[in-house]
Amino acid sequence: MSISDCPVDVPVILRGLLDPDAAEMAERALDWLVMSGPMSISATMPAVVPYLLRLTADPSVPRRDELFGLVLVAAALSAPTNPANAWDLAVGGPEDDHPERALCRAAFVADAAWVQRLLADDELLAGLHLDESDRASLVQVAGL
């Protein structure tokens, strides 16, 4: 899915992330569009990942800490489900039932240079409490 295949609101919401007055509302709307539930990403997430990475890398973008949080969620929730692990399977469901996860992983791999840029952004990381599992999840999903 490309951004042009997304719901019509997605490009408007992405532009709203650049406006300091609209950024908070746009970020909340984006959360609703890219998440299909508390522990699952929607089919829209893979198309949004490239834009999300670029926006988060730009220090002038309002709410970039929150956007980075969404990047971390996307990375964690797009990890493949281990079919041998009953808990993993119960929480994430079978991989075949969630093609959006593989598409999201592919988006992260295609934009691995942007992931590296975020992980090297001392200004961004200074205000966050990025633990080793968050970092490992990003590195793994981007194929670094």
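In α2, Glu27, Leu30, Asp31 and Val34 meet Glu66, Leu67 and Leu70 of α4, contact here being heavy atoms within 4.5 Å. The axes of α2 (residues 23-34) and α4 (residues 64-77) come within 11 Å and cross at roughly 10 degrees; they are lines fitted to C-alpha atoms over the stretch in contact, with angles running from 0 to 180 degrees between N-to-C directions. The two helices are therefore roughly parallel, a label for angles under 35 degrees. Helices are DSSP runs (H or I, at least four residues), numbered from the N terminus.

This is a predicted model, with pLDDT of at least 70 needed for local features and 80 or more for side-chain atom pairs, while totals for chains, interfaces and linings use all residues. Residues are numbered from 1 along each chain, and side-chain values use heavy atoms, leaving out hydrogens and water.

Next up is α3 (residues 45-57). Because 11 of its 13 residues are buried, α3 is largely enclosed by the rest of the structure (buried is under 20% relative accessible area, exposed over 50%, partly exposed in between, with a 1.4 Å probe and protein chains only). Among the buried ones are Met45, Val49 and Leu53.

As for Asp134, it sits in α9 (residues 132-141) and, at 24% relative accessibility, counts as partly exposed. Asp134 touches Leu72 and His129, leaving aside residues up to four places away in sequence. Asp134 and Ala75 are 59 residues apart in sequence, yet their C-alpha atoms are 8.5 Å apart in space.

Definitions and conventions:
Parallel < 35°, antiparallel > 145°, perpendicular 65-115°, else oblique. Expected span 1.5 Å × (residues − 1).
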